[in-house]
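Subject: Structure for your review

Dear colleague,

Please find the structure below, together with a short account of what was found in it. I would be grateful if you read the account with the model open beside you.

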Amino acid sequence: MSPITPAAEKERTFRAVYALAHRDLERFVRRRVGPDAVDDVLADTFLVVWRRLRDVPTTPEDARAWTFAVARNVLLTQRRGDDRRHALGVRLAAQPPSEEDEAVEAVEADAIARRVDLGRAWIFLSDVHQEALGLTVFEGLDAVRAAAVLGISPVAYRLRLTRARRALRLHLDHQPQRPRTRAAAPDRSTR
Amino acid sequence: MNRTRQIETALRTMDAAPDRHPTSNARIDVLLERVVVAGTAEDRAPAPPTTAAFAHRGPKPRAARLLLLTGGLVAATTAGLLLIPSMLGVEESAYASWTAVPEALPAQERPEAAEDCRSAQLATPGGDAHPQLDDATVAIAERRGAWITVVLAGADGFSATCTADASAPFGDGWIGSAGIPTDWELLGPRELLVSSLGVAHSSGPLSMAEGYAGPDVTGMTYDSAEHGTVVATVSGGHFAFWMPGDELDDDLVFTTGVPVDVTYNDGSTDSVNLRF
């Protein structure tokens, strides 16, 4: 058996990292850009991964977060010049889940109304707050890994997350009342 | 369930990328092969630069960014900066002689180094678009092992940079740039203006920072994770340092910037982030 060349070893390692990271990374990107841009962003991101293969963390969870950080930097770098920002906003689903979805067979009209409220409140969040919440809520990262994605300390991330949650609650609580479709107890908790 | 959890549970039902609709395996495989082909090609042969963007912002002058090349000429998109063909087929071992602390090129060697740089720039397609090269004088001439860096300075902010392996004929492979930053103006005494900041991906990555320095700036160092303290040459209103590796990558350049320690003529120091 002929020895494995460095190039072949690199390719093998990359394919393993790709297999590990691709699905979650695609979801990360799809939450932050329109569907037409996803493939190009993923290609650019994985090319950076290829170049920096020796920097990929060895544990799967750390490697996952590391690829998110690379994708984030790819996206921020693409937004240079006047439009350059320092945080990535997170998109929400435009439509509620389809009626065929088992999970929503029993969705009530009130729940749909709450989701609309939540969607509106989310829009009022800053990119910084959307980003902080998104890493916890959608990517499921703990504070240490979320902080690593953003390049800040875990303490700074926890503070940012706390403020983001507070901001979201404030926006939710200051929306106009809408008529309910059924006679039900008010869904606002007492503060 | 407390309110935060309720809200976040509801948010998860609004995920823009639910896992209910996974991407097809065919599409996943196509992307994988696309990246493997591109990455392998990049490793095997000199590759064109990944970007050639030049950032200019606000009233303050901002120079175009040099994307250190691995081969082929890239025309500047703004500000008349010309990017020069670079080190073709350079192996990482070529950087083995590199030193973190530069030596000033001896006085008797400077004219020849300057002429070599000038000739190489003029010989590059589009190089004759810079008549300022004829009258440009040597602002920086340093040696790091076998490598020489020359910065020529001309009128109205013109500058031309060449970095070459002096152990081989100059024309065999070198990197550099030439031009004038958009809206260039004289710097304040302690100001810095970046003209080149980034990484070239050849068979050996190389990171460079180069630009203009106000008259009170006398020294600059960069604390490299890989190489320790890298000392810049500060001379003639310019600064320059470079090192093997890809430490000054986009992640750094376009986020926090490149942190350097700057020394001034009154002995004071300051930490500054180099960025466009």
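Met220 of chain B has Val262(B) as its bridge partner in strand E13(B). Strand E9 (residues 217–224) and strand E13 (residues 258–264) of chain B run antiparallel and are joined by five bridges. Strands here are DSSP runs of at least two residues (E), helices are runs of at least four (H or I), and both are numbered from the N terminus; two strands pair if DSSP finds at least two bridges between them.

The model is predicted, so local features need pLDDT of at least 70 and side-chain atom pairs count only at pLDDT 80 or more, while totals for chains, interfaces and linings use all residues. Residues are numbered from 1 along each chain as its sequence is written, chains are lettered from A and ligands numbered from 1 in the order in which they are written, and side-chain values use heavy atoms, with hydrogens and water left out.

E9(B) also runs antiparallel to E10(B), to which four bridges join it. Tyr222(B) stands opposite Val230(B) of E10(B), and a hairpin of three residues connects E9(B) to E10(B). Taken together, four strands of chain B form an open antiparallel sheet in the order E10-E9-E13-E14. Strands E10 (228–231) and E14 (269–274) of chain B are at the edges with a single partner strand each, so one side of each has no neighbour in the sheet.

In chain A, helix H5 (residues 127–137) packs against helix H7 (residues 154–173) at an angle of about 105 degrees, with the axes 8 Å apart. Axes are lines fitted to C-alpha atoms, for helices over the stretch in contact, and angles run from 0 to 180 degrees between N-to-C directions. H5(A) and H7(A) are therefore roughly perpendicular (65 to 115 degrees; under 35 is roughly parallel, over 145 roughly antiparallel, and the rest oblique).

Is Asp15(B) buried or exposed? Asp15(B) lies in the loop between helix H1 (3–12) and helix H2 (25–44) of chain B. Its relative accessibility is 9%, so Asp15(B) counts as buried (under 20% relative accessible area; exposed is over 50%, partly exposed in between, with a 1.4 Å probe and protein chains only). The side chain of Asp15(B) reaches the backbone nitrogen of Ala17(B) at 2.8 Å. Beyond its neighbours within four places in sequence, Asp15(B) is in contact with Arg27(A), Arg31(A), Ala93(A) and Phe138(A).

Yours sincerely

Methods. Polar contact = N/O pair within 3.5 Å; in protein donor to acceptor, adjacent residues only side chain to side chain. Contact = heavy atoms within 4.5 Å.
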